Amino acid sequence: MTSAPLWAVLLGNLTVCVTAQGFLAPPVKVRFDSVDYKNILRWTPPLNNVSLHYYVQWKIYGETQWLDVEGCQGIQKLHCDLSGVTSDPREWYYARVHASTLTPSKSAWALSPRFSPRWDTKISPPALRLNVTEQGIVVRLKQPRSLHKMHNSLCYNIYLMNTSGQEVVYEMDCCSKQLLINELNHMTKYCLQAQTLIPLQGKTSARSSRRCATTL
């Protein structure tokens, strides 16, 4: 029986080693998902995702040093809250994430697009509270605290719709606690929606869900 050449044995062992360890691809679609300044980094696992753990780092644009995100080292979830370290609206940020197995095998870092809390966060519509009185419909708004913390100049559009489809728009500034809509028809159903505006940034939210009330 003829023994295999030494180079063939070594190549076979190397092939087995490489196949066993495998190549760990990095996470994909790394991006910030920010609503009302709650800045969440999200990613999608690579195709060869078997019991992966993820490690997240961040840095300010222009800086060289990457910093670990506390609470997001060796995690198995596919998101990480970076609100605490990316809260300055004047700055731009990057984040990156890599995957690791217990083997251990480590992927390359996957980088997020550059992120600005000021320009990239989406704003949500306010919650509507309606109270029907003899004078009309009293509208009160509730906005997430995180948005009020960043902006003291929020404005609102209030949309009033009757059953015939006619729509009237009212404006509320940031200092108004409530809006009284009067001169309405008695015993008539009206539906309302609200929208948040940040005039200095030209940002508007989507409209809130409809809330309806019937006048006295």
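User: What phi does Gly136 take in the hairpin of β8 and β9?

Analyst: Gly136 takes a positive phi near 150 degrees, in a hairpin with four residues between the strands. The model is predicted: local features need pLDDT of at least 70, side-chain atom pairs count only at pLDDT 80 or more, and totals for chains, interfaces and linings use all residues. Residues are numbered from 1 along each chain as its sequence is written, and side-chain values use heavy atoms, with hydrogens and water left out.

User: What makes the link between Cys72 and Cys80 a disulfide?

Analyst: The S to S distance of Cys72 and Cys80 is 2.1 Å. A disulfide is a pair of cysteine sulfur atoms within 2.5 Å, so the pair qualifies. The torsion about the S-S bond of Cys72 and Cys80 is about 100 degrees, so this disulfide is right-handed.

User: Why are Cys72 and Cys80 called buried?

Analyst: Buried means under 20% relative accessible area, exposed means over 50%, and partly exposed lies in between (1.4 Å probe, protein chains only). Cys72 has 4% relative accessibility, so Cys72 counts as buried. Cys80 has a relative accessible area of 0%, so Cys80 is buried as well.

User: How do you know that a disulfide joins Cys191 to Cys212?

Analyst: The S to S distance of Cys191 and Cys212 is 1.9 Å, so it falls within the limit for a disulfide. With 95 degrees about the S-S bond, this link is right-handed. Cys191 lies in strand β13 (residues 189-198) and Cys212 in strand β15 (residues 211-214), so the pair ties together parts that are 21 residues apart in sequence. Cys191, at 11% relative accessibility, counts as buried, whereas Cys212, at 39%, counts as partly exposed. The count by this rule comes to two disulfides, and the bonded cysteines of the chain, numbered in sequence order, pair as 1-2, 3-4.

User: Why is the pair of Phe32 and Phe115 called stacked?

Analyst: Rings of Phe, Tyr and Trp (its six-membered ring) pair if their centres lie within 6.5 Å; planes under 30 degrees apart count as stacked, over 60 as edge-to-face and the rest as tilted. The search of the whole structure finds four aromatic pairs. In one of them, the rings of Phe32 and Phe115 have centres 4.2 Å apart and planes at 10 degrees, so the pair is stacked. Phe32 in strand β1 (residues 28-35) and Phe115 in the loop between β7 (110-111) and α2 (117-120) are 83 residues apart, and the pair links distant parts of the chain. Phe32 is buried, with a relative accessible area of 14%, and Phe115 is buried at 3%.

User: What makes the pair of Tyr61 and Tyr94 tilted?

Analyst: The rings of Tyr61 and Tyr94 have centres 6.1 Å apart and planes at 55 degrees, so the pair is tilted. Tyr61 lies in the loop between β3 (53-60) and β4 (67-75) and Tyr94 in strand β6, so the pair ties together parts 33 residues apart in sequence. Tyr61 counts as partly exposed, at 44% relative accessibility.

User: How do you know that the charged end of Arg114 sits over the ring of Trp92?

Analyst: A charge sits over a ring if NZ of Lys or CZ of Arg is within 6 Å of the ring centre and within 35 degrees of the ring normal. The charged end of Arg114 sits over the ring of Trp92, 4.6 Å from its centre. The charged end of Arg207 sits over the ring of Tyr159, 3.5 Å from its centre.

User: Why is Ser87 called partly exposed?

Analyst: Ser87 has a relative accessible area of 43%, so Ser87 is partly exposed. Ser87 is found in the loop between β5 (79-81) and β6 (93-100). Leaving aside neighbours within four places in sequence, Ser87 is in contact (heavy atoms within 4.5 Å) with Tyr93 and Met150.

Key: Helix = DSSP H or I, 4+ residues; strand = E, 2+ residues; numbered from the N terminus. Pairing = 2+ DSSP bridges.
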